[in-house]
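Here is a short note to read alongside the model. Please keep the sequence and the 3D view open as you go.

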Amino acid sequence: MERKSYISEIFSAIILLMAFGFFVLPVLFIMLISGSTYYIPLILVLVAVLYIFLVFLIFKVSLSKKNKKIFTGISLFAILLASIQPIYEWIDNQVSTVNAEVDIYQYMPFVEKNQVVKLPVPATLQLEKSLPKMDGATALYPLYSAIAQAVYPENHYDPYSSAVMVNQTHEAYSNLINGKVDMIFVAGPSDQQLARAEANGIELKRTPIGKEAFVFFVNNKNEIDNLTLQQIKEIYSGNITNWSEVGGKNDSIRAFQRPQDSGSQTALQRLMGDTPIMEAPSEDVATGMGGIINEVSQYKNYKNAIGYTFRYYSNEMVRNKEIKLLAIDGVEPTKETIRANTYPITSEFYIVTSGEPEGNVRALIDWVLSDEGQALVEQAGYVPISSYK
């Protein structure tokens, strides 16, 4: 009789284990593909403690008062130890993130109450047919959306599937190289993008239409307001690692970077020249069913962090009051210093085409370079490439 009871208890314990597995394994799988791997040890510990407790009940194990205290102490210690990483992640997530994205629909052309600037009078160029397909960087979408609104016929131009699309820089270059669009509004191409175009037998024709400042920013509470160009290079090469080395507090520097082939990462690479860029902070990011990879962390506004972007994107689109733009070599990044070329990291942005532009693509580029087009560049909040009347 006791043997049958013992077998029954073992069977119950096995069924219980299978039931736990049925519910817990899918949860662990979701944690794995979502990138929330730091919860897995805590879940396993909680499940193990609960399972052992229920097994004790099944086998009617009676613990002494001392053993109960030992079991409870070990369980609590294991739970506390497994909770350290989730607690750290929760605290870390309370730090605000300077998002890489904005609500681009507010800049969609021909939408009521959008944020797109308008010319005071109809544009002299009006395209009706064979509309050039546009794409470009998020930071320049307000500009070329305004161009489309001035020159294209009124219509619904979805940001992701129309003649006026918006993507990040690397995807815009891919779309141009693959012949999906006729022109893109972007910063200059990276070496990899140039090589990719050449491998496809394509020459990237760059037409500068405006100027922009490449800017560095820190937490608003950081006492540093200015860095030299050399200090920036030393920070991003890993030679300067503490804010005290540049006149700040004794705190390690967290120098964030952007993904490869993004416009701002290419700008950093151009700035650094032959100086190697140190490895960036990274995070585990799930890529659907493909597993977990290491990617460059999105900028988080830690008190000791530094990041970079372009002036217009920071000031006009993100408008995050918790960060501040740094002066470089004593010069602040403003439209005036960009126009005068006194800000040290001023660069052109372009309309890029596959080879020499023709037809309506040529006509549109010529219009953007005209006094009327350059006035629209200015009105949209950017610095035009040339003076206009």
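1. Val-218 stands opposite Ile-306 in strand S8. Strand S3 (204–219) and S8 pair in the antiparallel sense over 5 bridges. Two strands pair if DSSP finds at least two bridges between them. Helices (H or I, at least four residues) and strands (E, at least two) are DSSP runs, numbered from the N terminus.

2. This is a predicted model; local features need pLDDT of at least 70, side-chain atom pairs count only at pLDDT 80 or more, and totals for chains, interfaces and linings use all residues. Residues are numbered from 1 along each chain as its sequence is written, and side-chain values use heavy atoms, with hydrogens and water left out.

3. Strand S5 (residues 254–255) pairs with S8 in the parallel sense over 2 bridges. Here Ile-306 is the bridge partner of Ala-255.

4. How many residues of S8 are buried? The count is 6 of 6. Buried means under 20% relative accessible area, exposed over 50%, and partly exposed in between (1.4 Å probe, protein chains only). Ala-305, Gly-307 and Thr-309 point one way, while Ile-306, Tyr-308 and Phe-310 point the other way. In a regular strand the side chains alternate between the two faces of the sheet.

5. Helix H8 (residues 263–272) is largely enclosed by the rest of the structure, because 8 of its 10 residues are buried. Among the buried ones are Leu-268, Leu-271 and Met-272. Their cover includes helix H5 (169–177), S3, helix H7 (229–237) and S8. Gly-273 follows H8 and has a positive phi, near 60°.

6. The largest nonpolar core has 38 residues. Such a core is a set of buried Ala, Val, Leu, Ile, Met, Phe, Trp, Tyr and Cys residues joined through side-chain atoms within 4.5 Å. Ile-147 and Trp-367 are among the members that touch the most others. Helix H4 gives the most, with 8 residues. Apart from this core lies another, of 30 residues, including Met-272.

7. There are 8 salt bridges, each a side-chain nitrogen of Lys or Arg within 4 Å of a carboxyl oxygen of Asp or Glu. Lys-324 forms one with Asp-225, with the closest N and O atoms 2.5 Å apart. Lys-324 lies in strand S9 and Asp-225 in the loop between S3 and strand S4, so the pair ties together parts 99 residues apart in sequence.

8. Salt bridges also link Lys-335, Arg-339 and Glu-378 in a network. Glu-378 is buried, at 17% relative accessible area, whereas Arg-339 is partly exposed at 37%.

Technical notes
Contact means heavy atoms within 4.5 Å.
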